[in-house]
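Here are some notes for a colleague who has not looked at this structure before. Please read them with the model open.

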Amino acid sequence: MALPFAHALLVLMSLGGCDPHDAEVSGSYAMYFAEATSENINRLRQDLVPPVCEYEQSDPNTLDSQIDEDQIFVDECYKDKVAVEQAFQEEWDLAPLDCRRLTDYNAIELRDAIIPGWETRYEEQCCAESWDDDSTNDPDGNILTPEDCTLRSAPYLYWLSSYSMYVDNKPLETWREEVVMTSEGDLQLTIHVDTRFGDFRTGWVIDPDFQPTQCVEENGEAVLQDLDGNWVEGWSNSNEDDEGYLTYFLNAGTFQLNPSNTGDYWIFDEDWYAGAGFGRFGDETFYLYSTDYADPEYTPLWVGVNDEGAVTGGYGGYGTEVFEELECAGGEDNCNQFSDYADFVQMLKDNANNGGYNKDDVYVDPVDTELERFGLISRDDQPFTLKVEDNSWRPTEVGDGSNAVGFDNWAGLNPSWVRLKTTQEDLAKIEPGTLAKPIEGDFQLYLFSSSTASVLVVNGSFTINNVEEDQWGWDATLDEEKRAENSTPTCGD
């Protein structure tokens, strides 16, 4: 849902000669290689080729009744294929994960599609019956009899059951940490990690002076005015856990959906981009997944209100909502009937961070635990945290509560963010080589490969000890060059 800052990539691509250590960084990464399309996996498999099994009933059009299912996973060739697969996983320290819906395959197609050997673990990991408290409905362990399996699926990280994957989860043992003040005035942290797949580099970039403005008329003159108020301050107050931090939501390239026509994308003005993230892992390039202003079913995260603040429409009225109100009083048939905007935001925080019981008295786990519950990685090893953007600080004009244009009465889900233990005033004063005291903070990057379907999550904490000058930039920004080239007036001209 996003593109990185253009210059951030140029700085990243231009890194050369020196070996800076401008920060101390610790944390972990979770790499989900798409089994069929990952460029890293395909390269490694060139040296470990599994046998091609000629099954005597290899025609996919064979009637299911004619397939000897007792032999489908036990013939000698398939056993050899499993052995090669297990050797591959052990050599590269990878865990398989394949919870795709496989009921559309006949037995021969399924054997060719699944990661060899995973058929023995599929029902244990992927079937809801394996995870409930009722031991009498446990699956039978036979993937070819799917009637006893209700497929599990993560509401937010839905891709965990959409692809077959290999999972790699390791600490961030960095060998290079570079902090740069770019020529555009952005603060950028880039780290490098040696992995058995090759070099892994990732980072984030934020605008220390970030503050969207608008040109308004005051006393007959055009003047620049802050749009809605202080965005970073508003974001920093969105979640109680962020007290004492400046919170930057990495929102480059994000958009809203018109609630009246969800095929109509409202693309953000670039001046509203506070930060971005980027990465490359071995052979694969990764791009930022930024703020969601819609749920995974593309239902806009917006509610309309009247002048008294009561919700009159929006989320909870579309019929495709992913999230419902938890701990809702009275057990209403529809727990998406929010009383006001604060109630709506609390619903998202419960679903994202807290969990709770739904209207059917069934406990709903929060999104923050989805990597652990669906992705084979414990929360202790990868503390994925989805931050909810509360825009209650933004003003809503009288009579304008049913107008979705703007940000008031919208909420955002932020899987990519940076927090810093400093003030906006001190951050804005930073110049290369003049860091008065170290800056501590932490970050989360949620990145995806648009070409391979692999996904990368990075969590880290940092202490910045030095800020370097950008040696690869230019004085004028592209925006400044185009304004001069086209004689574009600025506010007040």
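Predicted model: local features only at pLDDT ≥ 70, side-chain atom pairs only at ≥ 80, totals over all residues.

Which hand does the link of C99 and C126 have?

1. The link of C99 and C126 is left-handed, with -80° about the S-S bond. The two sulfur atoms of this disulfide are 2.0 Å apart. Distant parts of the chain are linked by the pair, 27 residues apart: C99 sits in the loop between β2 (95-98) and α4 (107-113), and C126 belongs to helix α5 (residues 122-126). C99 is buried because its relative accessible area is 6%, under the 20% limit for that label. C126 is buried as well, at 0% relative accessibility.

2. C127 and C149 form another disulfide, with 2.0 Å between their sulfur atoms. The torsion about this S-S bond is about -100°, so the link is left-handed.

3. C328 counts as buried at 12% relative accessibility, and C335 counts as buried at 2%. The count for the protein comes to five disulfides. Counting bonded cysteines along the chain, the pattern is 1-2, 3-4, 5-6, 7-10, 8-9.

4. On the nonpolar core: the largest one has 114 residues, and Y32, W204 and F344 touch the most other members. Strand β1 (residues 23-34) gives the most to this core, contributing seven residues. Nonpolar side chains tend to be buried together in soluble globular proteins. Leaving out residues up to four places away in sequence, F344 touches L301, W302, V303, Y315, F338, N409 and A411.

5. D295 deserves a separate look. Where is D295 found? D295 is in the loop between β13 (284-288) and β14 (303-305). D295 is buried but has no salt bridge, and the nearest side chain of opposite charge, that of K359, is 14 Å away. A polar atom of the D295 side chain lies 3.0 Å from the backbone nitrogen of V322. Apart from neighbours within four places in sequence, the residues in contact with D295 are L301, Y315, T320, E321, V322 and F323. L301 and Y315 are also among the residues that F344 touches.

6. The side chain of E324 makes a polar contact with the side chain of K359, at 3.3 Å. E324 is placed in the loop between β15 (311-314) and α7 (341-354), and at 18% relative accessibility E324 counts as buried. Not counting residues up to four places away in sequence, E324 touches C335, N336, M347, N351, N358 and K359.

7. Salt bridges come next. Side chains of opposite charge can pair when their charged atoms come close. A search of the whole structure finds 17 salt bridges. One of them joins D75 and R111, at 2.4 Å from N to O. D75 lies in the loop between α2 (39-44) and α3 (76-92) and R111 in helix α4, so this pair ties together parts 36 residues apart in sequence. R111 is buried, with a relative accessible area of 4%.

8. R394 forms a salt bridge with D228, the closest N and O atoms being 2.8 Å apart. This pair links distant parts of the chain, 166 residues apart: R394 is in the loop between β18 (387-390) and β19 (411-414), and D228 in the loop between β8 (221-226) and α6 (231-236). Are the two partners buried or partly exposed? R394 counts as buried at 4% relative accessibility, whereas D228 is partly exposed at 29%.

9. D442 and R419 also meet in a salt bridge, at 2.8 Å from N to O. D442 is in strand β21 (residues 439-448) and R419 in strand β20 (residues 417-420), 23 residues apart. D442 counts as buried at 16% relative accessibility, and R419 counts as buried at 10%. Elsewhere, D93, D168, K170 and R196 are linked in a network of salt bridges.

Notes. Residues numbered from 1 in each chain as written. Heavy atoms only, no water. Core = buried A, V, L, I, M, F, W, Y, C linked by side-chain atoms within 4.5 Å. Buried < 20%, exposed > 50% of the residue type's maximum accessible area, 1.4 Å probe, protein only. Helix = DSSP H or I, 4+ residues; strand = E, 2+ residues; numbered from the N terminus. Contact = heavy atoms within 4.5 Å. Lys, Arg positive; Asp, Glu negative; His and termini not counted. Salt bridge = Lys/Arg side-chain N within 4 Å of Asp/Glu carboxyl O. Polar contact = N/O pair within 3.5 Å; in protein donor to acceptor, adjacent residues only side chain to side chain. Disulfide = S-S within 2.5 Å.
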